[in-house]
Amino acid sequence: MNLKDTLNLPDAEFSIPMKANLPQLEPAMQAHWDSIGIYEVIQAARKDAESFVLHDGPPYTNSPIHIGTGLNKILKDFIIKSHSIMGFRAPYVPGYDNHGLPIEQAVMKKLADQKVDYDIPMLRKACREHAEHFCEIQTEQFKRLGVFGMWDNYYSPMRPAYGAEIIRCFKRLVENGYIYRGLRPVLWSPTFRTALADTEIVYDENHVSTSIFVKFPLVEDKNGLFAGLEDVGTVIWTTTPWTIPANLAVAYHPEFTYVVVKTDRGHLVLLKDLLERTLEKCGLVNHRTVKEFKGSEIEGTLFKHPVYDRTSLAVLADYVTTEDGTGVVHTAPGHGREDFQTGQKYGLQILCPVDERGVLTEEAGEFAGIHFKKCDEVVVNRLNELGTLLYTEPYKHKYPLAERDNQPVIFRTTEQWFIGIDLPFHADKSKTLRQAMLEQIPQVSWYPQTGRVRFTNMIEGRPDWCISRQRPWGIGIPIFYGKESGKPVLDPAAIEAVANHIAANGSDSWYTDEPSAILPNGYKHPETGETEFVKETDVFDVWFDSACTHIAVLEGNVDPRWKEHLPADVFAEGSDQHRGWFNISMVLGMAVRAQRPFNAVVTHGMITDATGDKMSKRKGNTIDPVVASNTYGADILRYWAASVNYHNDAPVSEELLKIAGENYRSIRNTLRFLLGNLADYDPADPAELNVVDRWVMQSTDVLVSKVLEFLKVYEFNQALSAIHNFCVNELSRFYLDAIKDSMYADGTNWPSRRGAQQACLYVLDRLTLLISPFLIHTAEETYAKIPHINRLQSVHCDTFRKPSIVFDQTVQDQVDALLAVRGRAFIAWEQEKQELGLKNSQDVEIHLPLSQEDYDQLAAFGDQLANLFKMAAVHTFVGDSKMVFKPSSYLECARSRVRRPDVELVTLDGEQVPLSARDRKVLGIIG
């Protein structure tokens, strides 16, 4: 008789394979999901459930996805799937961001390379085709990562009805009083010749500018401050020589103390606190202070511009600081937000002698035609020739760059369309829109909590939002101007006419159709009565498209299938979106609906390589998420995504993905063993649960509860870590090892074995559901094979199991005591086995002294202690002596490979074979 054949070994064919073959398994499984419409199947299964809404921030469609985009989408998928398994109806409408400069620039380059002479309609058509192409590519890529959603109906601003809804958002802003057109200094990209929003700016912390100290000679001492003094001049400091031609004023802090100091360059006026530092830089060693005065005393004094024959007015401003420079601020109202405000206060001309290319205009006189960057040389040299330059040096400081090309931007005053942040809040005129937004922030849950402070600072400091762009690719701003008067039409009826026209004809129609074809017949300008109009040529800032998404999608006006409750339960994006999408969505949510857009905000960091360097194609340190999925499996990539602390910058590399694969296999092997033990399970047979069976079942319930709490607060790494540790520690290292003897060697339908199988099924069923938000393919593969459950069409239609046993603290205490004592015994055995000359603990008996409490707890395990300790015998007694290991004199059972006192030699097939009483019983041998 082959005794191995009499054992109940796990059935490998019944279980999942040891080798996952995820790169082959996953595409086939995804094809099956597509064939059954998995997203709709899940939604149908939850049709009557409470809804949980994650609103998708749209990725930009200018290229295939990268690892950062992949992480973002996978994290969102974790949120959706985990809430679905909690029992919520968790819809997911993915969306895309299609307008804006990068697509336009890519298409213009392509057309230029092809030497195509294009007009705006042709350019827009090419841009649309470009964006649509990458919409389809990204859709397939996101699906390859295992992301479920309404992929057949994603949102896009290129969709005519959607573009119309963006127009209607603008109409509602007009109705609520937030839209104005004004001459304001805006961040301007000379490269792209358009205004930029703060959200399109990055900062170079180590930018080096040319700083200059310049003397402005006194022209008119209106307040008599400088009576009897000759050759008086005030000293300004600036890091932007190109703005000197636009200077109209010099600003002083009204409360600071200023001095007049006699030097080799005449009597100089500057801040007392910066006197020594400034004069030292300028090489003016010999000096004497002749007068002190408060800044407020100099207001109205006139100084001469250092180049032109005009004056510069002494003005007062609270933003003057004592940190750098001279305490006298060069003021050009056409080139700075604070300068502009000061200019408005004092009625100064808004002089902006720089064109859209960054080239100085005729208003700059002798500097006309000079690019602003060249002014560091040309203007500085001219100041030196005129004797007004005191000193120049390189100055390292923080400077704004256009995010798209990393080139310096400038402040340039132009007429633009704005949303006023400090205008009265339409739902409560006693406060401003800014104040209303700030009041909403504490009502939002922030993950991590530091996001609240960061977001608050962003809202507190944000300027009015410039929403116009001087580009052809986007949604045209729906404003008509009287042909004769040039006055804009801010009439909701006219804007609604544009929305209706775009809904019917697409956004290109704004560029191809005459105003008469868009406006109602006989329409007249509400102010002037004009009947002939011209159209605005600017488009909306692409961020305006994005800010509208929660309204356009969740109100359901574009597509009823998208309609869900507002505020959305959660927004989840990169932490840079505190100043971006989260910020502008709050602006529009409050300005349009008087309602915040979200109840919770989850943020993640950026992706780095294993050394912490930012990933870039130039460095060659990128990981393509689709390639990684096709190499290792999407479940491995998802394992990595769930394992990192995504709130911080997250490293990824081939090595880290391999580590994720090893950890994944720990979970897979656990599932495989549990499932393999259930091939012959018959729940109709009587079953007896021993202490460890009950313990593993209630421990699984505790795990489910713990993971659920982690998922509720989006701590995916904690959830996955708890699952992994449970598989490794509670299951592989203890329970699954503890039941092997009974599972393999007991009679097939013995209550003891059925009890262990019942526990295995209980654990497997719950563990499979726990991993389903993360390891979606492996969970589906396993779920399809679990016997004796009420299996639904997919694991992703199922929900977390509630405990079906009552938690017993006594059982927990007994196993805790067992594991503690067992752990000490294992450590001692490792130290003793070499001296005994034994390798296998099954060949050893242990004499184990215990405290009375531990002795009583371990009594619950009865004759199972030897199996649980993996030893021939465990002799327990109350005492505090040293534990002793001795070689066992018991025979080793030929069938179960254990030494027990009841092992006897019996005749089997004519041979003497040692068998334990249990094994003799299974084989039907008497005696």
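# Helix faces, sheets and aromatic pairs

Helices (H or I, at least four residues) and strands (E, at least two) are DSSP runs, numbered from the N terminus. Exposed denotes over 50% relative accessible area, buried under 20%, and partly exposed the range in between (1.4 Å probe, protein chains only). The model is predicted: local features need pLDDT of at least 70, side-chain atom pairs count only at pLDDT 80 or more, and totals for chains, interfaces and linings use all residues. Residues are numbered from 1 along each chain as its sequence is written, and side-chain values use heavy atoms, with hydrogens and water left out.

The buried residues of α9 (375-385) include Cys 375, Val 379, Val 380 and Leu 383. Viewed along the helix axis, the buried residues of α9 fall within an arc of 100 degrees, so they line one face of the helix; the arc is that of the directions from the helix axis to the C-beta atoms. The buried residues of α9 pack against β3 (201-220) and β12 (389-402), where contact means heavy atoms within 4.5 Å. After α9 comes Gly 387, whose phi is positive, near 80 degrees.

Strand β1 (179-189) is mostly covered, with eight of its eleven residues buried. Two strands pair if DSSP finds at least two bridges between them. β1 pairs with β13 (410-419) in the antiparallel sense over ten bridges, and within this pairing Leu 183 has Glu 415 of β13 as its bridge partner. β1 is also joined to β2 (194-196) by three bridges, again with the strands running antiparallel; here Trp 188 stands opposite Ala 195 in β2. Four residues lie between the strands in the hairpin of β1 and β2, where Arg 193 takes a positive phi near 55 degrees.

An open sheet of three strands has the order β16-β24-β23, with parallel pairing. Its edges are formed by β16 and β23 (571-574), each with a single partner strand, so one side of each is left without a neighbour in the sheet. Neighbouring strands of this sheet are turned by 15 degrees against each other on average, direction ignored. For such angles, axes are lines fitted to C-alpha atoms, for helices over the stretch in contact, and the values run from 0 to 180 degrees between N-to-C directions. Three bridges connect the parallel strands β16 and β24; one of the residue pairs is Ser 445 with Ala 600 of β24. Helix α17 lies across β23 and β24 and runs at about 140 degrees to β23.

Another open sheet of three strands has the order β28-β27-β29, and its pairing is mixed. β28 (873-878) and β29 (884-887) are at the edges, each with a single partner strand, so one side of each lacks a neighbour in the sheet. The twist in this sheet averages 20 degrees from one strand to the next. β27 (844-850) and β28 pair in the parallel sense over six bridges, and Leu 848 has Thr 876 in β28 as its bridge partner. Helix α26 (809-836) lies across β27 and β29, at about 55 degrees to β29.

The aromatic side chains form a further set of links. Rings of Phe, Tyr and Trp (its six-membered ring) pair if their centres lie within 6.5 Å; planes under 30 degrees apart count as stacked, over 60 as edge-to-face and the rest as tilted. By this rule there are 36 aromatic pairs. In one of them, the ring centres of Phe 52 and Phe 88 are 6.1 Å apart and the planes stand at 55 degrees, so the pair is tilted. The two residues are 36 apart in the chain, with Phe 52 in the loop between α2 (38-45) and α3 (67-85) and Phe 88 in the loop between α3 and α4 (101-113). Phe 52 is buried, at 7% relative accessibility, whereas Phe 88 is partly exposed, with a relative accessible area of 21%.

Trp 446 and Phe 598 form an edge-to-face pair, 6.2 Å centre to centre with 75 degrees between the planes. This pair brings the description back to the β16-β24-β23 sheet: Trp 446 is in β16 (445-447), and Phe 598 is in the loop between α17 (581-593) and β24 (600-604), 152 residues apart. Trp 446 counts as buried at 6% relative accessibility, as does Phe 598 at 0%.

A charge sits over a ring if NZ of Lys or CZ of Arg is within 6 Å of the ring centre and within 35 degrees of the ring normal. Lys 73 lies over the face of Phe 142, at 4.6 Å from the ring centre, and Lys 81 lies over the face of Phe 148, at 3.6 Å from the ring centre.
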